[in-house]
Amino acid sequence: MGSKSPETEHPVKALGYAARDTSGVLSPINFSRRETGDEDVRFKVLYCGVCHSDLHSVRNEWHNAKYPMIPGHEIVGVVTEVGSKVKKVKVGDKVGVGCMVGCCHSCDQCGADQEQYCPKMVQTYNDSSMVTYGGYSDHMVANEHFIVTWPKDYPLDGGAPLLCAGITVYSPIRYYGLDKPGMHVGVVGLGGLGHVAVKFLKALGVKVTVISTSPEKKEEAINTFGADSFLVSRDQAQMQSGVGSMDGIIDTVSADHPLVPLIALLKPNGKLVLVGGPTKPYELPAFPLLFGRKMVGGSLIGGIKETQEMIEFAAKHNITAAIELIPIEYINTAMERLAKTDVRYRFVIDIGTYKVVSKIGRREEISFENKRNKKINF
C-alpha cells in the first residue's frame, strides 16, 4: 500500500498566517491539520503570543527555516474535541500549548520530564524532522501529553506568553538554584522574557537588579515590576558599582552583547545563565571564570511537568506578562516593532475574535474563521 495523501492524512481545514520566504512577511494561508487521534486534543485558538524567536525564525536568522512557516508557540484556547483515550481535559476546558508537541517518551531525558532535551523533540512549528504549524491559526491539535491545563480564572491573554517566555526564565531560576529568598540575582534585558523573570524572582523573595542598555526603563523596572535596583550596562561607573555583588544572572538578551562585564558582577561561585539566542557567537575568555570559580550555563524552556508547575505558580502569585493585544492583521507591523524592541512587553494576537477597520472606517468584530472566504494568493 502507498502512503496516505496529504489530504487523507491531514483532512481538517484550517486558516493561518504564514511567512513564505526570508522577508518574514506573513499573510493568510489555507492549510490543514490532522484528524483528532485517540490521544489528541483539538482546541480553538483564542490568543497566541508573539515570541522574539518567531521573528528570528520567519526571517531565517537561525538558518533553519522551512517555508511556508506558520509561527506561534504561546498558544491558548478552548477545547473543542478530544480523542477517546484523553483523560487530561474535556470539551470546554481552557488549555495551552507551548514550544513542543512531540518527543520519543523513552529516552533518559523524557524519563526525567525534560522532554525539551529529547533528541527527537518535535517543535510546535518549523520542526526539522516533520512539517509542523504553530498558533498563528484558527485551531490547534496536539497530543494530550503536551497540553497544559489552565488554572481557573487565570487570564488567557496575559498568561499565553508564559508558555515560552515564562518557562524560559522559570526553569533556569529553579535548576540553577537562584530561587532562594535573600539571594541577589541580576536580569539582563527588560523585554518579553526579562520583565517576567523579575516577577518570578520577586515572588520567590529574591533581590533583583535589572541590567539594561535603556535608562528610560528604570522607573518601570522598579515601580511597575518590583525590581530593587537598576544598572545601565553602558555606564561603566554603574557597572563597577555592582562588581562582585550577584549570586546569579539570567541573561535574556537576543542581541549581540559582551559577557565579560556581566561575569564581573558575579560573586565567587556565581552563575551566568543564558536564555537568549543571539545570531553571532559570544566571546568568552577563560580567566574571568577561573578567578572566582564562576560559570556560564544555558537553558532551553522546560519540560511539560515543569511548565504546568510554572503556570500554576504564576496563577497563585498573579503573575502575567505585560501585553499589547493586537489583531492578526497587525502582525507584520508588530514584527517590525519587535525588531526595534518597540513593545511593552509582549505582543499577543487576539485570534478568537478581533477588530478590523473596514474601508469606510467602521469598526466591526469578526471571527477569525469567517475569513476563510477571503481570496488567498499563495
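Reply:

Five of the six residues of β11 are buried, so the strand is largely enclosed by the rest of the structure. Buried means under 20% relative accessible area, exposed over 50%, and partly exposed in between (1.4 Å probe, protein chains only). Helices (H or I, at least four residues) and strands (E, at least two) are DSSP runs, numbered from the N terminus.

A word on the basis: this is a predicted model, where local features need pLDDT of at least 70 and side-chain atom pairs count only at pLDDT 80 or more, while totals for chains, interfaces and linings use all residues. Residues are numbered from 1 along each chain as its sequence is written, and side-chain values use heavy atoms, with hydrogens and water left out.

Back to the strand: β11 runs parallel to β10, and five bridges join them (two strands pair if DSSP finds at least two bridges between them). One of the β11 residues, Ile-211, is the bridge partner of Val-188.

Next comes the nonpolar core, meaning a set of buried Ala, Val, Leu, Ile, Met, Phe, Trp, Tyr and Cys residues joined through side-chain atoms within 4.5 Å. The largest one has 58 residues, and Leu-162, Val-198, Phe-200, Ile-250 and Ile-311 touch the most other members. At least two residues of this core come from each of β3, α5 (165-175), β10 (184-188), α6 (194-203), β11 (207-212), β12 (229-232) and α11 (304-316). Leaving aside residues up to four places away in sequence, Phe-200 touches Leu-162, Gly-166, Val-169, Tyr-170, Ile-173, Met-310, Phe-313, Ala-314 and Ile-319 (contact means heavy atoms within 4.5 Å). Apart from this core lies another, of 39 residues, with Tyr-17, Val-41, Val-79 and Val-97 among them.

Helix α5 deserves a visit too. Nine of the eleven residues of α5 are buried, including Gly-166, Val-169, Tyr-170 and Ile-173. Their cover includes α6, β13 (246-251), β14 (266-274), α11 and β17. After α5 comes Gly-177, with a positive phi near 70 degrees.

Now the charged pairs. The structure holds 13 salt bridges, each a side-chain nitrogen of Lys or Arg within 4 Å of a carboxyl oxygen of Asp or Glu. In one of them, Glu-81 meets Arg-42, with the closest N and O atoms 3.6 Å apart. Because Glu-81 lies in strand β4 (residues 75-82) and Arg-42 in strand β3 (residues 40-49), the pair ties together parts that are 39 residues apart in sequence. Arg-42 counts as buried at 6% relative accessibility, whereas Glu-81, at 38%, counts as partly exposed.

Another salt bridge joins Arg-344 and Glu-220 (3.5 Å, N to O). This pair links distant parts of the chain, 124 residues apart: Arg-344 sits in the loop between α12 (331-339) and β17 (346-350), and Glu-220 in helix α7 (residues 218-224). Arg-344 is partly exposed, at 35% relative accessible area, and so is Glu-220, at 26%. Elsewhere, salt bridges that share partners join Arg-174, Asp-179 and Lys-180 into one network. Asp-179 is buried at 12% relative accessible area, while Lys-180 is partly exposed at 42%.
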